[in-house]
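Please go through the structure below in short questions and answers.

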Amino acid sequence: MFEREIRRRAKELLEAKAVDLVIGYTSGSLPFQARPILVSSPEDTEQLVWNHFCSPNLARYLLPYRESSKKIALLAKGCDTRAVVILLREEQFPRERIHIIGLPCSGIISKRKLEEKLGEIKEEDFSWEENSFLCQGKKWEIDSFLEDTCARCRYPNPPLWDDLIGEKREPRESSVDYLEKISSQAEEERWQFFTQELSRCIRCYACRNACPLCYCKECFAESDVPRWISGVPTLSDNLFFHLGRSMHLAGRCVECGACERACPEEIKIGLLPLKVEEIIKNNFSFEAGLSLEEEAPLLTYKENDPGEFIK
Amino acid sequence: MGEGLIAKDKWWEWIEDKKDRIFLTERAKKRYGEWFPPEVKMVKNGKEVLLPPGEEMYRYLWTGEEWKVEEREFSYEPSFLFLLPCEARAIIEVTDKVFLHPPVDKNYWLRRKSLSLGILACLQPEPTCFCSLVGGGPFWRDEEALFLVPRKEDIYIEGRGEPFSFSEEGGEKIKQEIQTLQKEVEKGLPSPLPSYFPQELYHHFEDEEWNALSWRCINCGACTFLCPTCYCFDLSIEGRLKGFQLRSWDSCMFPKFTLHASFHNPRPTGKERVRQRVMHKFSYFPEREGNFACVGCGVCVEKCPVNWDIREALERMVEKIDRLRT
Amino acid sequence: MKNDWEPKIVAFLCHWCSYAGADLAGISRIQYPPNIRVIRVPCSGAVNPLYILKALREGADGVLVSGCHPGDCHYLSGNYFARRKFFVLHELLQWLGIEKDRVQFSWVSASEGQKFSQVVEETVEKVKKLGPAQKLVKEFTFYV
C-alpha cells in the first residue's frame, strides 16, 4: 500500500549516506510470505515490500549490530518500534544510530486461517486493501483472518519514529482477544490446554530467537552451570522454559506475537508472556515500549505495591 | 515376494490385523489417511521412532564404595512404519549409514531391526518438495522395504517377506500403468544437482556469498529438529550420586554446539553455522557416503520462521560454481 | 494410606531477617514442623524466580520465600523488588493452574521466632491439604 514511498525513502537515506543499512521486508520464496532483507545499496531498495504478511519482528535484526558503528534504518511496525524503544532504554544502542521508519500496521494475516476459511488459495486470486481484501470476486474484512496477537493489538502506531509512512489508525474494536478467552475458562481446563499445547513443543527455541528482547549471551535454557533443564522436550522442562522466559520478559514483552508466528508446531506460545504483561498492566499501570523515559516495572517499587499474598 | 494389485477389502483385512503395531508419519497420513485405521500411531517422521528426542543410555549409582553402572536394555515389538519416499530415504540412505556402520549404535540397531518400512509413493508433491534435486524421487523405493501405490479402488504393492493375496499379479500391463503414473508425477520436478557439486562446494568455503545467505537465519533449531536426516545428539548426565546418562537431540544451530572446553568456539556466529549445515549435507557427507544428507522433503522450507530457503542457497552456489567452471 | 505422606518444602530465607528469625525459633526451643529444607540467601530480592521453578521441578511439594519487612531490608530495597517480582510470578503460576498454596511468601524479622514457627506451621498445613506435587515435577523416564 505504501511500498513506493517506503522504497523512495529508503533509497534517499542510502544515497545521502544518512544510513549504512536498511532492514526491511521483501517477498518470500513461498506464496503469502514475506521475509526480512538487508539492503545496503540504493538499487536494491526496489525489493522492499510492505503487506499483510510481513510477519517477523525486524527489531530482532538490530541485535547483531550492537557492537558495530553502522547506522541502520529499520522498517518498524507499531509493535516492532516498541521493541526498539525498549532496546534503546536498555542502552543497547545510542539513539542516533537507529533511524526508525515507522509503519502504522493493520495487522498480520494468518495463512492458516485463510486456508481454513477459503480452502485452496492462490496468490493471483487476491487483491489486498488496508482492512479488507478481494478474493475471487468476494470482499472480506481482514478481522477474522488476523493472527491472534494482532487481533488484540492496542498500539498499531509506532510510539517513536524518524519517518512515518502510512496513516495513523485507531486500535481495532471488535476482534476477539484470545487471552481473554483462555482466561475465562476454568482453571483445570486451562491447565489441560497448556499441558496439551506444551507437550507438542520440541524446544527448538524459534520463539526465543525470533524475539527482539531475548538477547542474553547465554540463555538459561542452555546453561550447564547451573543446569536448570535437560535437553529433552519433556512437559516439565517445556513448562520450565516457557515460564522462565515469560518471567524474563516481564515488563519487556511488546506483545508483537513474533514468537507465536515463529513456532513450527503452531503452539499458542505467546499466551504466557501476554498474561505476564496483563498482570503488570493491571497492577503496576505499565505497558512496555511506549516512551523512552519509562522506568522498568521490576526495577522500581511503590510503598503500596500489592502485598496481601505475603503473610 | 512379488508385486501386484490388492483390492481394498483385502488391504483392510491385512492392515486391521496389525493396527496396534503400525506407525504412520504425519505427511503420509495427510495424503493417505483414509487407507489406515484411525488407531495407528502417528509420528512426525521416522526420526521420532528410531532416534527419539530423549533416551536413557545407562543408569548409575554410588553405593558408598563403588560406582555401579547399569546399561539400559530395551526390546521392541516388530512394527511397521508407513512413510513417504523422502522420509524412507532419510532412514535408509542417511541415518542407517551413520548408526549402523561400525561402531554400531545398539539402541538404534534394536529399534531398526524390529521396524519394517512401507514406502507410500508420493502422488502429489508439495510446492516445497525437491526430492529429485538431491537424488531421490516420488517413486523411490528400496528392495528391503515394501513399496505401495494407493490408487482408487486398489493398492499396487511391491515387496518381499509379506504374504499377499494379490487380486492381480504384477504383469506387464500393471507395470506400465505404474510407470506412466510415475512419469506424470515427476513432470515439473527439479533436475538433480550436478555430480561435481559436493567437491566444488567444498572449494567455496571462504566465499563471501555465505554472508548474504546467512544473514536472515535466526539460528533457532527448527530446521534441524524437523529434518528427517539431521541426527546430531548431545550426551549429558542427569543427577549426581545417582542418575543416568541422557542422549538428547542437539542442533548445529545452537551456539554451544561447538563450544570447546577452552571456551573457544570455531563457529562463533550464525554465518559459520549456516555454512556448516549446507556443507555437511551437500559436501562432507556425500564425499564420504556417496549421497546427499538431504532428501528434499521441504519441511525446513515450510516451517522456517524467516523463510530461509535451502533451495535458494543451493541455486546460488550452483550458479557460482558453474560460472567459475566455464 | 496417604496420611503418612509428609510434604517436602524448600524455604528460601533471607540471611539478615528470616534466617535469623528461624535461628531464634530454634534457640528458644519453639517446636515447628520439620518439613522445611532451608536455603539461606543474602536477600529475598536475590531469589531468582527460576529457583522456585527449579525447586518445584525437582519434586518439592511447596516453596516458601521469606524476607525482611518492607522498609527493613538490609540492602534497603531488595524486598520491595522481591514483592513485585513474586507478585507477578505467583499470579502467573495461579493462572496457569498451579495451586495457590504451593508457593508461599512471608515477612519475618530477626526477632520474630514465634512468627516464623507459625508461618512454617501454616505453610505445611496448606501444602498437606494439596497433596504431593505433580504438575511441574520432572519426569524420570523418557520415550523408551
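This is a predicted model: local features need pLDDT of at least 70, side-chain atom pairs count only at pLDDT 80 or more; totals for chains, interfaces and linings use all residues.

User: What share of the residues in chain B is buried?
Analyst: A residue is buried if 20 or more other C-beta atoms lie within 10 Å of its own. Of the 326 residues in chain B, the buried share is 37%.

User: What percentage of the contacts in chain B between residues at least 6 apart in sequence join residues at least 24 apart?
Analyst: Chain B holds 12 helices and 12 strands. Counting its contacts between residues at least 6 apart in sequence, the share that joins residues at least 24 apart is 73%.

User: Which helix gives the largest share of the side of chain A that touches chain C?
Analyst: The contact draws on 31 residues of chain A and 30 residues of chain C. On the chain A side, H6 (187–199), H8 (235–248) and H10 (271–284) each supply at least two residues. The largest share, seven residues, comes from H8(A).

User: How many nonpolar residues are on the side of chain A that touches chain B?
Analyst: This contact takes 24 residues from chain A and 27 residues from chain B. Strand E2 (34–39), helix H7 (206–210) and helix H9 (258–262) of chain A give two or more residues each to that side. By class, the chain A side has seven polar and four charged residues, and its nonpolar residues number 13.

Terms used. Residues are numbered from 1 along each chain as its sequence is written. Chains are lettered from A and ligands numbered from 1 in the order in which they are written. Helices (H or I, at least four residues) and strands (E, at least two) are DSSP runs, numbered from the N terminus. A residue is buried if 20 or more other C-beta atoms lie within 10 Å of its own, exposed if 12 or fewer, and partly exposed in between; C-beta atoms are placed from the backbone. Two residues are in contact if their C-beta atoms, placed from the backbone, lie within 7 Å. Ala, Val, Leu, Ile, Met, Phe, Trp, Tyr, Cys and Pro count as nonpolar, Asp, Glu, Lys and Arg as charged, and the others, Gly among them, as polar.
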